[in-house]
Amino acid sequence: MTQHPAHRLSVAPMMDWTDRHCRVFHRLMTRRAMLYTEMVTAPAVVHGPRERLLGYSEVEHPVALQLGGSDPAELAAAVRLARPFGYDEINLNVGCPSDRVQSGCFGAVLMERPALVADCVAAMIAEADVPVTVKCRIGVDDQLPEEVLPAFLETVAAAGVSHFVIHARKAWLQGLSPKENREIPPLDYPLVVAMKRRFPEFTICLNGGVTSLAQAEALLAQGLDGVMLGRAAYNDPEVLIDADRLWGEAPARDVWQVVEAMRPYIAAHLAAGGRLHQITRHMLGLFTGRPGARLWRRVLSEGASRPGAGLEVLDEALAGLQASAA
Ligand SMILES: Cc1cc2nc3c(=O)[nH]c(=O)nc-3n(C[C@H](O)[C@H](O)[C@H](O)COP(=O)(O)O)c2cc1C
């Protein structure tokens, strides 16, 4: 067994996607990869329904909490309040370009305020008993990434962070939707690799546009410490099935076994009053590219939303899939 750390491969924080149910599902495919929560804002942690926002299942470890915010005192309070939940890492979001995030002055707009980010992480580190990391872009708007990115990393590192996840493209703060900001600005992998060469003592993980394990392995071979998968892991989760090979390990399960392993978790959720769709919506992409994948999606998405839907919907979706595969 190799000793590579969990961040060698991770699943990205994705709002409305990587909730606790999604993370349990992903964990059944990879025992090793670090899983990130959706972004939770510091004010929400301080004033909101904490158990609902921060609660998760023990099986999700290793799991990182991503926070959003730009007020050092409030972020520190959020870290303090989150501590009893036992996350393995706390990450600050300096990459998300959504309007909602910008108006609160957090997310990607913070790329323009490295000193403020340094204050934020210093305050967070003072309250944290686990590593504090930063997820950022290579720059925003008309910034020159090859100049601002190393300066940003140095400033933030001086405050005590040595682990960065870099989404290898700029964010445009005006004129592009969050979705376009994940597609239109060009990817610059060489710049992220160059940051690792320039700061070998930092942990540098690359994010953005990676769709396969082979691609992740090729990037790791260039000296990066980790690769973070976002949309690929969500839309085609089978990519995670063999992910533990990055730690020299065989897959935990095949896709069919993953579905079976979800049953007790789903049953417990239903018994506690939860709805089927809350879990199965994350499983729609599981058989992508296989015969019957469309039928699986349809049966599951239509059936699981009906009031009182239970595990029989999963049986029906599986039966359709097996019939198509035969
Ligand atoms: C639906 C969705 C929600 C996202 N929410 C967050 C978020 O809460 N925090 C964050 O840092 N990035 C967020 N992102 C960006 C991803 O973490 C990631 O940086 C981006 O999708 C690029 O990686 P990919 O090409 O592998 O998807 C989100 C992306 C998507 C698709």
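Axes here are lines fitted to C-alpha atoms, for helices over the stretch in contact, and the angle between two of them runs from 0 to 180 degrees between N-to-C directions. With that in hand, let us tour this predicted model.

**Figure 1. The whole protein, before we zoom in.** The secondary structure of this predicted model comes to 14 helices and eight strands. Along the principal axes, the C-alpha atoms fill a box of roughly 55 × 45 × 45 Å. The radius of gyration is 20 Å, which agrees with the value near 20 Å that a compact globule of 326 residues would have.

**Figure 2. The shell around the ligand.** Look for the 23 residues that surround the ligand; the closest are A12, M14, M39, G230 and R231. Two elements, β2 (34-41) and α10 (231-235), each give two or more residues to this shell. What kinds of residue make up the shell? Ten are nonpolar, eight are polar and five are charged.

**Figure 3. Helix α4 beside helix α6.** Two packed helices are described by the angle between their axes and the distance between the axes. Here α4 (residues 72-82) and α6 (residues 114-127) have axes that come within 8 Å and cross at roughly 30 degrees. Angles under 35 degrees count as roughly parallel, so α4 is roughly parallel to α6. Their crossing is right-handed. On the α4 side you will find P72, A73, L75, A76, V79 and R80, and they meet D119, C120, A123, M124, A126 and E127 of α6. Sorted by class, this contact has nine nonpolar, no polar and three charged residues.

**Figure 4. Helix α6 again, now with helix α7.** The partner in this view is α7 (residues 145-158), which packs against α6 at an angle of about 30 degrees, with the axes 8 Å apart. That angle makes α6 roughly parallel to α7. The two helices pass each other in a right-handed crossing. From α6 come P114, A115, V117, A118 and V121, while α7 brings A151, F152, T155, V156 and A158. Nine residues of this contact are nonpolar, one is polar and none is charged.

**Figure 5. Helices α13 and α14.** Do α13 and α14 run roughly parallel or roughly antiparallel to each other? Start with the geometry: α13 (residues 293-304) and α14 (residues 311-325) pack at an angle of about 165 degrees, and their axes are 8 Å apart. Angles over 145 degrees count as roughly antiparallel, and α13 and α14 are therefore roughly antiparallel to each other. The crossing of α13 and α14 is right-handed. In the contact, L295, W296, V299, L300, G303 and A304 of α13 meet V313, E316, A317, G320, L321 and S324 of α14. By class, eight of these residues are nonpolar, three are polar and one is charged.

**Figure 6. Two backbone details in loops.** Most residues other than glycine have a negative phi, and most peptide bonds are trans. Where does D16 sit? D16 lies in the loop between β1 (9-11) and α1 (20-27), and its phi is near 70 degrees, a positive value in a residue other than glycine. The second detail is the peptide bond from H61 to P62, which is cis, with omega near -5 degrees. P62 belongs to the loop between α3 (50-54) and β3 (63-68).

Key:
Residues numbered from 1 in each chain as written. Predicted model: local features only at pLDDT ≥ 70, side-chain atom pairs only at ≥ 80, totals over all residues. Near = placed C-beta within 6 Å. Helix = DSSP H or I, 4+ residues; strand = E, 2+ residues; numbered from the N terminus. Nonpolar A, V, L, I, M, F, W, Y, C, P; charged D, E, K, R; others polar. Parallel < 35°, antiparallel > 145°, perpendicular 65-115°, else oblique. Left-handed = near helix turned anticlockwise from the far one by under 90°. Contact = placed C-beta atoms within 7 Å. Rg over C-alpha atoms; globule rule 2.2 N^0.38 Å.
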